[in-house]
Amino acid sequence: MSISVKEVSGISEQEADERRKTPDYLDQLEAEAIYIMREVAGQFERPALLFSGGKDSITLVRLAQKAFAPGKIPFPLVHVDTGHNFIEAINYRDELAESLGAKLVVRYVEDTIKAKGLKEQTGKNASRNWLQTFTLLDTIEEFEFDACIGGARRDEEKARAKERIFSFRDEFGQWDPKRQRPELWNLFNGRISKGENVRVFPISNWTELDVWAYLKREKIALPSIYFAHERELILRDGHLLNNTPVIEKDENDQIVTRTVRFRTVGDMTCTAAVESNAATLDEVIAEITVSRISERGETRIDDQQTEAAMEDRKKGGYF
Amino acid sequence: MDLLRFITAGSVDDGKSTLIGRLLYDTKNILADQMEAIERASKSRNVGEIDLALLTDGLRSEREQGITIDVAYKYFQTPSRKFISIDAPGHIQYTRNMVTGASNADLAIILVDARHGVVEQTRRHSLIASMLGIPHVIVAINKMDLIGNSEDGYLQIAQAYKELAEKLNIKDLTIIPVSALNGDNIVDRSENMPWYTGETLLTMLETVNVLKDQNQDDARFAVQYVIRPQTEELHDYRGYAGRIQSGTFKKGDAVKVLPSEQESKIAKIEFGGNEIDSASVLESVTILLEDDIDISRGDSIVSLNNSPVISQDLEAIVCWMDDKKTLKAGNKYVLQHGTSRSRCSVRDIEYQIDINSYEKLDEVESLKLNDVARIVLRTAQPIAYDPYQKNRANGAAILIDETSNVTVGACMIE
């Protein structure tokens, strides 16, 4: 993988010029996201970009590069590591930060659990997903971040469809859907008091397919787990989970070997694989285009617990 | 393939969410698991048929009450266009939410119940669409099946609407008879209304020209951020990052920096670190000038021969959005216009506009939530603006409460 500032647009100048003559939805979405990134840099003292190694945050990094080129990205990349992440995503994260010369801040859920004596979920469906919030809020406090840029999209989930691009959070990190600030035109109001912060979602208006189309257009390398590969998995209730010691197994679980790819890259305990032979970006895009199941519906076990699972997590300070 | 943002206005009773559901369903943009979730929820609520409205109501309290409270965004596409549908609640107590949704829309669909015709809320929604300068308005006369798909019924309502529209500023108006529930004239032409020879709703959405709506004439660029890498190689680099608000900028163009009014020429335009020859409306680029001028966030770069108004005295139509405090003459706020912020004080409330009757109400002491009025503002620093109806991007501003930091007003500068 090589990502240098010079190649930042991923396309030739001639190609770029041609493209500009006919407005394209990807150009429009890109211009909007770059505008939002620059509003963050212009309005806040200590912003951060929340980076997970997933495709959405990889897209954010590319947008930030373009927004501030030829300068460096003027804020650190921050990762809240549950300790249950895919090694491929972690390696990708480290390489990317190094190639960009960007500051990378990693904080571990494991440390928060020890320091605060938090009780982890137990049992076979235990996940650290909820505990991430504690580490995230501590990290925000530690560095006094006033804005955290995240890769959430409104098409992902119905509570997210209601969230602002500049999403105000109180000093406890809580989202109050009934007290959101009106967001008019593209006039984003990032004024806050000390201790409060804003979560900013530059790709709010992108769909899953838009992200894939952009990754392809920009020729951005992705962690290998996004493409078909053979892997040992736990087959549980119709979902294929990575066979890792961090997932507790019982006699109903079957260990199988399948050719799969991951459609989202979250915590291993709640991210399921899909069976697929799609080994290239084009093949992945072709599969998603005809897929009849939404991204989170197919792969995120954490959203399926109740109809308002995401809304409740966000009210509690979740990203 | 380009992007169209449209808002749907109407209450739940008008079948607004059902209409969006229908558009998504008939264009095959609802996925299997989403459909199953809706079926499950419809069953548990005993609504009989599948309730397509459940697709857009995302918050627990909305599902509980069966109403849309906040603006919801839905995304779908057809082979010719990508769509962002902005679903805003229709009730008068949510006027601010509709204004919010309308501020970014290229097109408005206003729903009218065929049984009731043009009613108070039709007037309200139309005023908001007109006030916010939405260039295209489609009036969808819904529930045609409940008036026997009658052409006479349609013509009467269309006539009543046209009379109303004459009092407003609606550039492009289309009136379509539909049934969201049955899918008539939404995506597919209705066999129940052979007398209707116009386009279906989807065809209108797919073909309306939105590029022409952008202001292509007045070159305006608000500086968001100054890029100064300060590396050895790029020691003297000073790039002004921003988005073209209107018009086009080219290399070599003579420009003026506002509010300082210093003149210079464009030395270079860059995108993503690469040089480009020109940049037009809505593009996010970086501009470099030939002269070393002191420029920071909040300043604008405009064409030398075509200047916006520069003034500390503004008149604006305001929609008041604070549910706790009222707007009164003498009150002070922060005015955010483009990337600039300035303190301002309200000199006067000239008149309030009754958003249902369009009457002007004089001698109004204060504005409360959802009130619309024309006000006079005095700003601490000069503002470089264009009238909103001529240039949406450079005529819009928000009022921010200095103590709570909440956005309390939407201003359209006149």
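Val137(B) stands opposite Leu173(B), a residue of strand β6(B), in a model that is predicted rather than determined, where local features need pLDDT of at least 70, side-chain atom pairs count only at pLDDT 80 or more, and totals for chains, interfaces and linings use all residues. Residues are numbered from 1 along each chain as its sequence is written, chains are lettered from A and ligands numbered from 1 in the order in which they are written, and side-chain values use heavy atoms, with hydrogens and water left out. Helices (H or I, at least four residues) and strands (E, at least two) are DSSP runs, numbered from the N terminus.

**The sheet of chain B**

- Strand β5 of chain B, residues 136–142, runs parallel to β6(B) and is joined to it by six bridges; two strands pair if DSSP finds at least two bridges between them.
- The open sheet to which these strands belong has six strands in the order β2-β3-β1-β4-β5-β6 (chain B), and its pairing is mixed.
- At the edges lie β2 (72–78) and β6 (172–177) of chain B, each of which pairs on one side only.
- On average, neighbouring strands of this sheet are turned by 25° against each other, direction ignored; axes are lines fitted to C-alpha atoms, for helices over the stretch in contact, and angles run from 0 to 180 degrees between N-to-C directions.

**Helices on the sheet**

- Helix α1 of chain B (residues 16–26) packs on the sheet, where it touches β1 (2–9), β2, β3 (81–87) and β4 (107–113) of chain B, and its direction makes about 150° with that of β1(B); contact means heavy atoms within 4.5 Å.
- Helix α6 of chain B (residues 151–165) also packs on the sheet, touching β4, β5 and β6 of chain B, with a direction at about 160° to that of β6(B).
- Of the 11 residues of α1(B), 10 are buried, and the helix is mostly covered; buried means under 20% relative accessible area, exposed over 50%, and partly exposed in between (1.4 Å probe, protein chains only).
- The buried residues of α1(B), which include Leu19(B), Ile20(B), Leu23(B) and Leu24(B), pack against β1, β2, β3, β4 and α7 (201–207) of chain B.
- Just after α1(B) comes Lys28(B), which takes a positive phi of about 60°.

**Helix α7 of chain A and its partners**

- Chain A contains 10 helices and 10 strands, and buried residues make up 62% of its 319 residues.
- Helix α3 (residues 55–68) and helix α7 (residues 208–217) of chain A pack at an angle of about 55°, with their axes 10 Å apart.
- That angle makes α3(A) oblique to α7(A), since angles under 35 degrees count as roughly parallel, over 145 as roughly antiparallel, 65 to 115 as roughly perpendicular and the rest as oblique.
- The crossing of α3(A) and α7(A) is left-handed, a term used if the near helix is turned anticlockwise from the far one by less than a right angle, whereas clockwise is right-handed.
- In this contact, residues of α3(A) including Ile58(A), Arg62(A) and Leu63(A) meet residues of α7(A) including Val211(A), Trp212(A) and Leu215(A).
- The residues of the contact of α3(A) with α7(A) divide into six nonpolar, one polar and six charged; Ala, Val, Leu, Ile, Met, Phe, Trp, Tyr, Cys and Pro count as nonpolar, Asp, Glu, Lys and Arg as charged, and the others, Gly among them, as polar.
- Helix α2 of chain A (residues 25–43) and α7(A) have axes that come within 11 Å and cross at roughly 95°, and the two helices are therefore roughly perpendicular to each other.
- Tyr25(A), Leu26(A), Asp27(A), Leu29(A) and Glu30(A) of α2(A) make this contact with Asp210(A), Ala213(A), Tyr214(A) and Arg217(A) of α7(A).
- Eight of the 10 residues of α7(A) are buried, so the helix is largely enclosed by the rest of the structure.
- Following α7(A) is Lys219(A), whose phi is positive, near 55°.

- Thr122(B) is found in helix α5 of chain B (residues 120–131) and counts as buried at 2% relative accessibility.
- Leaving aside residues up to four places away in sequence, Thr122(B) touches Ile110(B), Val112(B), Gly117(B) and Tyr161(B).
- Ser345(B) lies in strand β19 of chain B (residues 340–353) and, at 14% relative accessibility, also counts as buried.
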